[in-house]
Amino acid sequence: MPKRYRIDLFAGAGGLSCGLEQSGFVPVLANELVEQYAHTYQVNHPETKMIVGDVRHVDEKELHSLLNAYDEIDLIAGGPPCQGFSVNAPVRSLDDPRNHLFKEYLRIVAEIRLKAVLIENVPGIISLGKGIVVEQIYNILECLGYKVSHRILFAGHYGVPQMWFRTVFIAIRDKISSILFPKPQYYATAAANFRGAKDLCHMLTPMDELLLKPKVTVWDTISDLPELKDDALSGKYLYSKRPQSEFQVYA
């Protein structure tokens, strides 16, 4: 698989980054506000240049100087803070400063103009301000020459033992007719009781249970882990058995 280079914003500890790397996207530059999270990210991506600090203070000229060593970078990816968008937040308001950090993300997109953009967030981003956040994301990216699309994806549909839904925006500058999102591969279900679910989520039918793989459970993912003794809380551990599921082989 040929290498494709990318930038991570709001990188956190690197969960999204690991998934993208498994798909062939190598991180060359990342930004994270919290030092502890940035350290964890760098343990897993030691060759990636990490800028620790507020994304609002990331300088465009510094970005260009750091990226000069690469002929072409394909993707910028990240998830701006979601706490203020979440339907579980105590108060949801456009006045929450966290709800405007996506504009900083798009500021950097406008400066470096990569081929593709990926933004992930909670489903609540769809309904906040009666959809004004989604409208702004589309308006800015389309003005920059990107074709944009978004869907709400369910982790269980892709072999992950989680009940999380996530809104995913994809924007591409190439001349393409449409942007395709992955279809469900596993038969997993959960209540999608939020705005936009009917139009933006993949809805499974009873027939899909016969066509798709069985859902992945937590036991499917961790049953091969070695037993930890009470007096052994640190150190390295070797797997005591061979992978017991398809997930364990991949992980």
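The following is a conversation about how some descriptions of this predicted model are reached.

Reader: What makes up the protein chain in terms of helices and strands, and how much of the chain counts as buried?

Author: The protein chain has 9 helices and 9 strands. Of its 251 residues, 43% count as buried.

Reader: Why is Ile73 called buried?

Author: Buried means under 20% relative accessible area. Ile73 has a relative accessible area of 9%, so Ile73 is buried. Ile73 is found in the loop between helix H3 (60-67) and S4.

Reader: What does Ile73 touch?

Author: Leaving out residues up to four places away in sequence, Ile73 touches Tyr5, Arg6, Ile7, Val28, Leu67, Leu114 and Lys115. The C-alpha atoms of Ile73 and Ala116 are separated by 9.2 Å, and these two residues are 43 residues apart along the chain.

Reader: Where do Phe10 and Arg113 lie, and what is noted about phi in each?

Author: Phe10 lies in the loop between strand S1 (4-9) and helix H1 (15-22). Arg113 is in the loop between H4 and S5. Phe10 has a positive phi of about 50° although it is not a glycine. Arg113 also has a positive phi of about 50°, and it is not a glycine either.

Reader: How do you know that the length of helix H5 agrees with its number of residues?

Author: H5 covers residues 132-143, which is 12 residues. At 1.5 Å a residue H5 should span 16 Å, and its end C-alpha atoms are 16 Å apart, so the two values agree. After H5 comes Gly145, with a positive phi near 95°.

Reader: Which residues of H5 are buried, and how do you know on which side they are?

Author: Val133, Val134, Ile137, Tyr138 and Leu141 are buried in H5. They cover an arc of only 135° around the axis, and therefore they are on the same side of H5. An α-helix has 3.6 residues a turn, so residues three or four places apart point the same way. The buried residues of H5 pack against helix H4 (101-112), strand S5 (116-121), strand S6 (147-154) and strand S7 (165-172).

Reader: What makes S5 largely enclosed?

Author: 5 of the 6 residues of S5 are buried, so S5 is largely enclosed by the rest of the structure.

Reader: How do you know that S5 pairs with S4 and S7?

Author: Two strands pair if there are at least two bridges between them. Strand S4 (residues 75-78) is joined to S5 by 4 bridges, so they pair, and they run parallel. S5 and S7 have 6 bridges, so they pair too, in the antiparallel sense. Ala77 stands opposite Leu118 in S5, and Ala116 has Ile172 in S7 as its bridge partner.

Reader: Which residues touch the most other members of the largest nonpolar core?

Author: That core has 43 residues, and Ile7, Ile76, Tyr105, Val117, Ile137 and Leu141 touch the most other members. H4 gives the most to this core, with 7 residues.

Conventions
Residues numbered from 1 in each chain as written. Predicted model: local features only at pLDDT ≥ 70, side-chain atom pairs only at ≥ 80, totals over all residues. Heavy atoms only, no water. Helix = DSSP H or I, 4+ residues; strand = E, 2+ residues; numbered from the N terminus. Expected span 1.5 Å × (residues − 1). Buried < 20%, exposed > 50% of the residue type's maximum accessible area, 1.4 Å probe, protein only. Arc of directions from axis to C-beta. Contact = heavy atoms within 4.5 Å. Core = buried A, V, L, I, M, F, W, Y, C linked by side-chain atoms within 4.5 Å.
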